[in-house]
Protein chains: 2
Amino acid sequence: MKESDFLQWVFQQDVSGGYDKILVGPGDDMAAVNFNGSQLLVGIDQVLDMVHFDLKKHGARAAGRKSLARNLSDVAAMAAEPAGAVASVALPGSLTDMEARQIYLGMKELAEEFECPIAGGDISVWPAKMGLLHISVCIFAKPSDGGKVAPVLRSNAKPGDAICVTGDLGGAWHTSRHLEFTPRIREAADLARKHQIHSMIDISDGLATDLYNLCNASKTGAEIFADAVPVHPEAGRCGVSPLSAALADGEDYELLFTLPDRLSDAVCSDDGMDLKVTKIGVMTDAGKVVITDRNGKQKPLEKSGWEYET
Amino acid sequence: MKESDFLQWVFQQDVSGGYDKILVGPGDDMAAVNFNGSQLLVGIDQVLDMVHFDLKKHGARAAGRKSLARNLSDVAAMAAEPAGAVASVALPGSLTDMEARQIYLGMKELAEEFECPIAGGDISVWPAKMGLLHISVCIFAKPSDGGKVAPVLRSNAKPGDAICVTGDLGGAWHTSRHLEFTPRIREAADLARKHQIHSMIDISDGLATDLYNLCNASKTGAEIFADAVPVHPEAGRCGVSPLSAALADGEDYELLFTLPDRLSDAVCSDDGMDLKVTKIGVMTDAGKVVITDRNGKQKPLEKSGWEYET
């Protein structure tokens, strides 16, 4: 089963049946609920040893940092402002005290930088010789600028919108970038504040997969211009072309967003943004996602990246 | 390292340094933060295969139900009202689609009963032949009755308070009670609404351990009357006396609370409460936790239950 199929099934269960509390349900980067008249954004994201990091190779501190960084990236994808987090940690019995503390210190580093206090947590230990390090972080956030910047959803892209991405893509997993990235919290709020952003998602599962997710949520298609994709110098290896890596690798934690095409030049050349922004395509109403090469030849964009199959 | 030592160390790290957002930090059943002028309660609690349930024996649905039930029990311990939850699930690759869905259905059952919508989630899969089922639920809540019932903390017990518990204790792990319990949400709000409750905690780690936790938070001691402890008919086996089981077993998810001694008769005989309430002791300022037998002989209460040591 694919994660997207599972989520599809969850939606069909009428999870919010009878509730008027949920404003944005499962399927966006964060959920939004009505909390005493305020919009409360909530997300949960986990990191697993041997899936999202390699404890032996990367160490406990990097794992702790990444657990919070991924969640902050979800807050960025909503153009929101972090308000706090709680964390659960399941420790293998073999972990030393020092390593357990390093997990927390890795989180704290980012918590301070983004004023996202870790308000509580839960610790458990796997039985001897069973279980791998698991960290789950739940983050809560609010719309930026005291509510003046509305959360940017995946579901609001319009046919004709320009598709833009921040930074360069590909190869993150094979370097330390997937551990050391800075969540685009400030840049996302800035984008939403200054430009008329219609929709946004963070590229954690890979450009192709996350573009499909955005198209599904918005009920649109998309066309990507192969030559325009900003390929990271570290992208591509082992027979995978740099472009394929940029499209499929994931773990970049950059932002993909759409806005009216006529406004895309302004955002790509905005000197006030301390970040590279590249237009890579346009949203369509064709109901399919395609990639066009320099000769105008079009083919379906291969969906790949981090989606799991059981 | 003990969990309490680890938390002690976390407190010393000044997690909330520079933040004015945290009203109640790590160490209570839930954290409380200031969210746009409202008090937002947040908790996170996890269940691990082979620690909190046995997937092979109990099944995926029971695991899912318990993951939310434990969190609802934390909301009860604050006398608060659930507002919603998000969940992360780490699946062993061997789990079938049907089992994955059962996890969600187990949660949904309680989510509907307590009007606690599951607003979002995250799914990951362990690599083949590695990792056990892990479910982490983050729950958020608000003070009951539109804020009229203040959250009841662990830290507000006073010397001279009567110590009361709900229900009967002991033996839960060896029966289906630890999977099927009903979180005391309604009863806790009722207690706090009608009686002058000073402090409260849920008995998940065992009466003795949780009483120590409450005493530590309140900087008090306590005296338990051995004869008064309500021992569950299923408590005690394999050479452990029923009383020892009631004190140490944990997994009961009943409530332990304190209130002025002169008011304890009223709460224990409150016919409006659809729940047995028993006075089992008094809070002291002695700085130690003791148990007194029927002959007046006193000894230190043995701290035990579910606290882990690495």
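**The open sheet of chain A**

Author: In chain A, seven strands make an open sheet with mixed pairing, ordered β8-β10-β7-β11-β9-β12-β13. Strands are DSSP runs of E of at least two residues and helices runs of H or I of at least four, numbered from the N terminus; two strands pair if DSSP finds at least two bridges between them. The model is predicted: local features need pLDDT of at least 70 and side-chain atom pairs pLDDT 80 or more, while totals for chains, interfaces and linings use all residues. Residues are numbered from 1 along each chain as its sequence is written, with chains lettered from A and ligands numbered from 1 in the order written.

The edges of the sheet are β8 (199-203) and β13 (298-300) of chain A; each has a single partner strand, so one side of each lacks a neighbour in the sheet. On average, neighbouring strands are turned by 30° against each other, direction ignored (axes are lines fitted to C-alpha atoms, for helices over the stretch in contact; angles run from 0 to 180 degrees between N-to-C directions).

Elsewhere, helix α3 (residues 60-77) of chain A lies across β8 and β10 (254-260) of chain A, and α3 runs at about 160° to β8(A).

As for the chains, their contact takes 63 residues from chain A and 63 residues from chain B (two residues are in contact if their C-beta atoms, placed from the backbone, lie within 7 Å). 100% of the interface residues of chain B are also interface residues in chain A, so the copies meet through the same surface.
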